[in-house]
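I open this notebook page to record what I looked up, one place at a time. The sequence and the structure come first, and my entries follow.

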Amino acid sequence: MATEHAPPARPPSSPPSSRGSEGAVAPIGDIRAPYFLLRSAARRFASILALIVLDLAGLVLGVYGALALRDMVYGKGVPLWGFLWKAETDWLPFLTVITVLVFWQAGLYAERERRAGYGRIVASLVLVGAITMIFAVGTGHRFGTYGLAPTAVILTSICIGLLRGSYDVVTGDLLKFAGVRRRAMLVGKGDNLERLRRTLGGSRGGIDYDFVGAISSSPEGASMPVLGDLSALPTVLATREVDELIVVDSDFNDRELIEVVEQAHRRGVKVRVAPRATELLIERRGEYVPGQGVPLFELRPPVFAGADWVVKRGFDLSVSFVMAVVGLPFWLLIALAIKLDSPGPVLYSDRRVGLNEQEFGMLKFRTMFRDAAERQGELEAVNEAEGALFKIADDPRITRVGSALRRFSIDEVPQILNVLRGEMSLVGPRPLPVRDYELLEPWHRKRYLVLPGMTGLWQVAGRSSLSFDDLVRLDFYYLEHWSIWLDISLLLKTVPAVLARRGAY
């Protein structure tokens, strides 16, 4: 395989380093890794399973208690377990499914610190009761008394509340006994740091804090160890185990706060912001995290993890495999045309920067002469693209077959192999050559928190006709609004964009 647009400044084997202001830091691994730790995933699954079992146990006890109370009120004597159990099981499968779905939607199976409380349990059970009554009336079921449903809701609320309360107490004690702690680092100025630490208290959601230190430009008044100022943050995150950063928003300007968030997210560290009081009155792009004395907002990284990652990766693999099998005859014809047109290999590996700013070889059909890399330096003066891009409409290094392949983006097809190898996704931010990557500004770097894509909003919205900053903003929009339906929509819209040849050369 040949190489086109390969930059002479760095050997292909050396990956770009993450930009830090203080010394060299350890290389960043796959940003998704912290979200896939086996122990954490197993603990999360066990928690959800335990809560579902407790909820269903409370549901059974509540409904059975309502049936027993009805028989006693109507003078049928002390009810027999077997008889009432048979009456209960007629509705139990339906109630089980509806209850779990409603509870899931209400956030009652979320992480411990985000899990809704008793009020949400009662409201959810009222909704379950209403859905059950509507379904029963709609299917022609006759009730002996309509007091059974509200009685069941009340008793079930009590049972589930007691069971969940006991679960929280027991598991909280077990977490403390096992030494599970929330390793937190505070970021701000001395006096504000100390005030924030006092307000946070010693624990949140039943898990004790372990304050590993602080990042501060003015450490006066801080009682905890100050590990450096903002310029030291990349090194500190690389050398210490940190679960989350808690930032005093009022101590930083917008540019500094963005840099803190980007550095943390690139290391898989959660960022939570303690906002100014006035900011609580306006909408923020963040998810509220209940605290003790201070509200915290978590700024989530645009990383496809958990169920999102499984769905996106499964979609990529299935579609790519079908495209590779169906398109194999066309690949062979294209390979023959390339070999007949000019000497050189059929494929070339272009060094690109992908997930977490690591280099990989992006595959393409060769569209240039073999000496294209050596000739790029002499063409930099006639570059027609803005920012960190290199594009020339009439590039003299392109072959005749290559020109036809580029016109309809057929040269990109071999990237299906990159998708199957896990280096790319079907849809995502386009990977840039190393030469273009070196020209990026710090605020552009968020696009490297996900796998690069074969296509994306760049291709649909105009491709090379847009300025580079506009292209990056499209990447950010995609990251914030991703769904599998958005991927499907962009794949479908790529076809007319390619046929119209918008920005392709």
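In which sense, right-handed or left-handed, does α4 pass α5? I looked this up and found a right-handed crossing of α4 and α5, where right-handed means that the near helix is turned clockwise from the far one by less than a right angle, and left-handed that it is turned anticlockwise.

Before going further I note that this is a predicted model, in which local features need pLDDT of at least 70 and side-chain atom pairs count only at pLDDT 80 or more, while totals for chains, interfaces and linings use all residues. Residues are numbered from 1 along each chain as its sequence is written, and side-chain values use heavy atoms, with hydrogens and water left out.

Entry on the helix pair. I read that the axes of α4 (residues 118-138) and α5 (residues 148-178) come within 9 Å and cross at roughly 145°; the axes are lines fitted to C-alpha atoms, for helices over the stretch in contact, and angles run from 0 to 180 degrees between N-to-C directions. Helices (H or I, at least four residues) and strands (E, at least two) are DSSP runs, numbered from the N terminus. Among the residues that meet here, with contact meaning heavy atoms within 4.5 Å, I noted Tyr118, Ile121 and Leu125 in α4, and Val153, Ile160 and Arg164 in α5.

Entry on α3. I checked the length of this helix, residues 92-105: at 1.5 Å a residue its 14 residues should span 20 Å, and its end C-alpha atoms are 20 Å apart, which agrees; the expected span is 1.5 Å times one less than the number of residues. The buried residues in α3 include Leu92, Leu95, Ile98 and Val102, where buried means under 20% relative accessible area, exposed over 50%, and partly exposed in between (1.4 Å probe, protein chains only). Just after α3, I found glycine 107 with a positive phi of about 80°.

Entry on arginine 430. I located this residue in the loop between β11 (425-427) and β12 (432-433), and arginine 430 counts as buried because its relative accessibility is 8%. Its side chain makes a polar contact with the side chain of glutamine 415 at 3.0 Å, a polar contact being a pair of N or O atoms within 3.5 Å; within protein, one must be able to donate a hydrogen and the other to accept it, and residues adjacent in sequence count only if both atoms are side-chain atoms. The side chain of arginine 430 also reaches the backbone oxygen of methionine 454 at 3.0 Å.
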